[in-house]
Amino acid sequence: MKLNDRTIMWKKSINCAAFPGGLRGRLNLLECLDTAKKVGFDGIELLYQETGSISPGTTASEMKTIKDHCKDTGIEISGIATLLNWKYPFTSEDMDKRKRASDYIYGMIEAASILECETIS
C-alpha cells in the first residue's frame, strides 16, 4: 500500500484469546504461537490474566522461554493486552481494586520489558 509516496508494510496479528482456552487461561501458549504463525499471522497479542501463561505468577525465566520460542518461530509479540481492567478498574471506589489495577499494570510493564514488547493495552 502507498500513502503519500511511502510504502506501508502491514502486519497481521491475532490475540491469543481467539484460540481455544485463551480467555480461560488454559491455553498452551507455545502451541498457540506455532499455530498463529502456521496460519499466516506475523504477530501475536498476548493476554495478561490472573492465571495462565502471562500472569503475575509467570517467572522471568518462563517469559524468556516464550520470547525465545517467538524468535525461533518467527512470530512477533505485537502487544500485551488485558481484560483485568474491567474487574479491577482504576476508577473503582474500592481502594483494594485500584491497588490491584495498579499492580497488574506494573506486571504488564515488567512482562513487556522482558518480552521486548513495545505495546500494552
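How are H1 and H2 oriented to each other, roughly parallel or roughly antiparallel? The legends below treat this and other close-up views of a predicted model.

**Figure 1. Helices H1 and H2 pack against one another.** Two packed helices are described by the angle between their axes and the distance between the axes. Here the axes of helix H1 (residues 29-38) and helix H2 (residues 60-73) cross at roughly 20 degrees and come within 10 Å. Angles under 35 degrees count as roughly parallel, and H1 and H2 are therefore roughly parallel to each other. The crossing in which H1 passes H2 is right-handed. On the H1 side, the contact is made by Leu-29, Leu-30, Leu-33, Asp-34 and Lys-37. On the H2 side, Ile-66, His-69, Cys-70 and Thr-73 take part.

**Figure 2. Three strands make an open parallel sheet.** The strands are arranged in the order E3-E4-E5. Strand E3 (13-15) and strand E5 (76-82) are the edge strands, and each of them pairs on one side only. On average, neighbouring strands of the sheet are turned by 25 degrees against each other, direction ignored.

**Figure 3. Strand E4 pairs with E3 and with E5.** Three bridges join E3 to strand E4 (residues 43-48), and this pairing runs in the parallel sense. Within it, Ser-13 stands opposite Gly-43 of E4. E4 and E5 are likewise paired in the parallel sense, over six bridges.

**Figure 4. Helix H2 belongs to a β-α-β unit with E4 and E5.** This unit, made by E4, H2 and E5, is right-handed.

**Figure 5. Strand E5 and helix H4 are shown together.** Helix H4 (residues 95-115) lies across E4 and E5. Relative to E5, H4 runs at about 175 degrees. Five of the seven residues of E5 are buried, so this strand is largely enclosed by the rest of the structure.

**Figure 6. Glu-116 has a positive phi.** Most residues other than glycine have a negative phi. Glu-116 is not a glycine, yet its phi is about 55 degrees. The residue lies in the segment after H4. Is Glu-116 buried or exposed? The relative accessibility of Glu-116 is 52%. A residue counts as exposed over 50%, and Glu-116 therefore counts as exposed.

How values were computed. Residues numbered from 1 in each chain as written. Predicted model: local features only at pLDDT ≥ 70, side-chain atom pairs only at ≥ 80, totals over all residues. Heavy atoms only, no water. Pairing = 2+ DSSP bridges. Helix = DSSP H or I, 4+ residues; strand = E, 2+ residues; numbered from the N terminus. Axes fitted to C-alpha atoms, helices over the stretch in contact; angles between N-to-C directions. Contact = heavy atoms within 4.5 Å. Buried < 20%, exposed > 50% of the residue type's maximum accessible area, 1.4 Å probe, protein only. Right-handed = clockwise from strand over helix to strand, strands pointing away. Parallel < 35°, antiparallel > 145°, perpendicular 65-115°, else oblique. Left-handed = near helix turned anticlockwise from the far one by under 90°.
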